[in-house]
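Student: I should like to learn how to read a structural model feature by feature. May we begin with the general idea each time and then turn to the case at hand?

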Amino acid sequence: MKQILSILTLGAFAFVLPVSGIAAEKKAKPAPAPAAAPAAAPAADSAKKPAAEAGAPKAIPMYTRVDSIDAKAKTFTNKKKDGTDVKLMVTAATTIMNGEAAAKFEDIKVGDTISGLRMKKSPTEYEIVKITKFGIAPPKEKKPEGEAKPAEKK
């Protein structure tokens, strides 16, 4: 019994010592000193990076209905179910397409459904990055009354 206990103890030490030695080596290595770089280099690097990496907000998908249009300000609003108006702003940088064809802000009408990309400015304001498609949304297909609902997963 003493021999088994001794073997197990030696085996544990043999396993723990190399692991702790590796950790000590990692701690012992000093961090490499950052190279001195000119002040203009970080600005140039951030200009080369994509917007998501440079810390800019990420564009999110959009699929919304146009409830009102302000042609002067190039904005339109969508009323949420809770009654809150969400303002969507078109800028000079916004790309407007309807499928494959180029389009203009003036082509969008009240009642159209718009899809594309937007960036959040506040809880009720968004800047539109890209409009990919707009027009009257097709009606949703209704299921026959006798058709059973699909079973829910548990």
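Tutor: Let us begin with confidence. The pLDDT is the predictor's confidence in each residue, from 0 to 100. The mean pLDDT of this protein is 76, and 62% of its residues reach 70 or more. Over residues 36-52 the pLDDT is below 50, and beyond near neighbours in sequence this stretch has three contacts in the model, a contact being heavy atoms within 4.5 Å. Where pLDDT is low, the predicted coordinates should not be read in detail.

Student: Which conventions apply to the values that follow?

Tutor: This is a predicted model, in which local features need pLDDT of at least 70 and side-chain atom pairs count only at pLDDT 80 or more, while totals for chains, interfaces and linings use all residues. Residues are numbered from 1 along each chain as its sequence is written, and side-chain values use heavy atoms, with hydrogens and water left out.

Student: How many helices and strands does the protein have, and what pattern does it follow along the sequence?

Tutor: Helices (H or I, at least four residues) and strands (E, at least two) are DSSP runs, numbered from the N terminus. The protein has two helices and seven strands, and its pattern along the sequence is α-α-β-β-β-β-β-β-β. Residues 24 or more positions apart account for 57% of the contacts with a separation of 6 or more.

Student: How should I read burial and surface?

Tutor: Accessible areas come from the Shrake-Rupley method with a 1.4 Å probe; for residues, only the protein chains shown count as cover. A residue is buried under 20% relative accessible area, exposed over 50%, and partly exposed in between (1.4 Å probe, protein chains only). Of the 154 residues of the protein, 16% count as buried. The accessible surface comes to about 12700 Å², of which 62% belongs to carbon and sulfur atoms.

Student: Which residues of the largest nonpolar core touch the most other members?

Tutor: In soluble globular proteins, nonpolar side chains tend to be buried together. A nonpolar core is a set of buried Ala, Val, Leu, Ile, Met, Phe, Trp, Tyr and Cys residues joined through side-chain atoms within 4.5 Å. Of the 14 residues in the largest such core, Phe76, Ile108, Ile114, Ile128 and Ile131 touch the most other members. Strands β4 (85-98) and β7 (125-135) each supply at least two residues of this core. Not counting residues up to four places away in sequence, Ile108 touches Val66, Ile69, Ile114, Ile131 and Phe134.

Student: Is Thr64 buried or exposed, and with which side chain does Thr64 make a polar contact?

Tutor: A polar contact is a pair of N or O atoms within 3.5 Å; within protein, one must be able to donate a hydrogen and the other to accept it, and residues adjacent in sequence count only if both atoms are side-chain atoms. Thr64 lies in strand β1 (residues 60-65) and is buried, with a relative accessible area of 10%. The side chain of Thr64 makes a polar contact with that of Asn78 at 3.2 Å. Leaving aside neighbours within four places in sequence, the residues in contact with Thr64 include Phe76, Leu88 and Ile114.

Student: How many salt bridges are there?

Tutor: A salt bridge is a side-chain nitrogen of Lys or Arg within 4 Å of a carboxyl oxygen of Asp or Glu. By this rule there are three.

- Arg65 pairs with Asp67, the closest N and O atoms being 2.7 Å apart; Arg65 is partly exposed at 41%, as is Asp67 at 29%.
- Asp85 pairs with Lys79 at 3.3 Å; Asp85 is partly exposed at 41% and Lys79 is partly exposed at 43%.
- Glu127 pairs with Lys121 at 3.4 Å, N to O; Glu127 is partly exposed at 23% and Lys121 is partly exposed at 46%.

Student: What else involves Asp67?

Tutor: A polar atom of the Asp67 side chain lies 2.7 Å from the backbone nitrogen of Lys79. Asp67 and Asp85 are 18 residues apart in sequence and 9.2 Å apart in space, C-alpha to C-alpha.

Student: Which residue has a positive phi although it is not a glycine?

Tutor: That residue is Lys74, with a phi of about 55 degrees. Lys74 is partly exposed, at 36% relative accessibility.
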